[in-house]
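This briefing goes through the pockets, sheets, helix contacts and backbone details of one structure. Please look at the sequence and the model first.

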Amino acid sequence: MTQSDDLKLLLSKADDAVVISENKYMVKAVGFMTPAEKNFIEKNVKRPIDGRIIYFGGYDDAERTLMIVIPEYISDEDAKAEISVLQIKARYLKEMNHRDFLGSLMGLGIKREMVGDILVYEDRCIIFVRSEIKEYIINNLDKIGRHGIEITECPLNEINIPQRNTEKINGTVAGIRLDSVLAVALKTSRSRATEFIIGGLVSLNWEETVSLSKGISEGDVISVRGKGRFKVSRIGNITKKGRYSITVEKYI
């Protein structure tokens, strides 16, 4: 199945969720979705007549999110119960990484779409999952690799997510367009930034683009294959030299 076929199938599920939610007056969720999938669904899914759709992954700035269709009489907070948070602690946690945790979950027969972000820290791992599978995981996940673990559920509204580390990069550009902003982000020349774009290595808000003059707005996310991910956090006023001051944050 091609990526296009996968997206069509996902859109069909999303449209079905809207119909079921409206017909049965119930919360329906689809995902967890990658940022690219979320971007596609957000642009193409049918809009509910009476209800609404939110995209939520368990915390602000979550990478993987659910599309949650909510009838008008249910609050967003109640609908967020579709997501549960599991916390894992282990004696040898420092020897484990994201792949180890994901692999152990997949080893239980759990599909990737049922698991959201997996956040690994020095003293714990936080995993966001669909609430319908939380008990199964708690009852069956007792090891990561060969190491024993302690797993507990945490209330969604009490989970503490450390702020993501970023490097702030300041610069000025003649115009707020992709090639100029990317040059600042990569600390390189505009011609070198152009090579990355026309080479198909750059995505803007998780959509690949080869448009050098694509307009950029605050909050946009630029991904460069092999170079990392950047968020345009500030577009300032025009300087005395007729250039715009900008701040780009690189995720570390």
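The largest pocket holds about 780 Å³ of space. This is a predicted model, in which local features need pLDDT of at least 70 and side-chain atom pairs count only at pLDDT 80 or more, while totals for chains, interfaces and linings use all residues. Residues are numbered from 1 along each chain as its sequence is written, and side-chain values use heavy atoms, with hydrogens and water left out.

**Pockets**

- A pocket is an open set of points on a 1 Å grid over the protein atoms alone, where a 1.4 Å probe fits, with protein on both sides within 12 Å along at least five of seven lines; lining residues have an atom within 4 Å of a point.
- The largest pocket is lined by 25 residues, and Tyr59, Gln163, Arg164, Asn165 and Tyr251 are the closest to its centre.
- Strands S5 (115-120), S14 (228-238) and S15 (244-251) each supply at least two residues of that lining, and S5 gives the most, with five; strands are DSSP runs (E, at least two residues) and helices are runs of H or I (at least four), numbered from the N terminus.
- By residue class, the lining of the largest pocket has nine nonpolar, six polar and ten charged residues; Ala, Val, Leu, Ile, Met, Phe, Trp, Tyr, Cys and Pro count as nonpolar, Asp, Glu, Lys and Arg as charged, and the others, Gly among them, as polar.
- The second largest pocket has a volume of about 470 Å³, and of its 21 lining residues Lys38, Asp61, Ala62, Trp206 and Val221 are the closest to its centre.
- Helix H2 (35-44) provides the largest share of this second lining, four residues.

- Six strands form an open sheet in the order S10-S15-S14-S13-S11-S12, with antiparallel pairing; two strands pair if DSSP finds at least two bridges between them.
- Strands S10 (166-173) and S12 (207-208) are the edges, each pairing on one side only.
- S11 (residues 202-204) and S13 (residues 221-224) are joined by three bridges in the antiparallel sense, with serine 203 opposite serine 223 in S13.
- H6 packs on this sheet and touches S10, S11, S13, S14 and S15; contact means heavy atoms within 4.5 Å.
- The axes of H6 (residues 178-186) and H7 (residues 190-198) come within 8 Å and cross at roughly 105 degrees, so H6 is roughly perpendicular to H7; axes are lines fitted to C-alpha atoms, for helices over the stretch in contact, and angles run from 0 to 180 degrees between N-to-C directions, with 65 to 115 counting as roughly perpendicular.
- The residues of the contact of H6 with H7 comprise seven nonpolar, two polar and two charged.

- Another open sheet has the order S5-S6-S4-S9 with antiparallel pairing, and its edge strands are S5 and S9 (150-154).
- S4 (residues 83-89) pairs with S9 over five bridges, and leucine 86 stands opposite glutamate 153 in S9.
- Helix H4 (residues 98-107) lies across S4, S5 and S6 (125-130), at about 145 degrees to S5.

**Backbone details**

- The peptide bond from glycine 31 to phenylalanine 32 is cis, with omega near 20 degrees; phenylalanine 32 lies in strand S1 (residues 28-33).
- Aspartate 61 is not a glycine, yet has a positive phi of about 70 degrees; aspartate 61 sits in the loop between S2 and S3 (65-70).

Definitions and conventions. Angles under 35 degrees count as roughly parallel, over 145 as roughly antiparallel, 65 to 115 as roughly perpendicular and the rest as oblique. Grid points are joined across faces, edges and corners, and a volume is the space filled by probe spheres set on the points.
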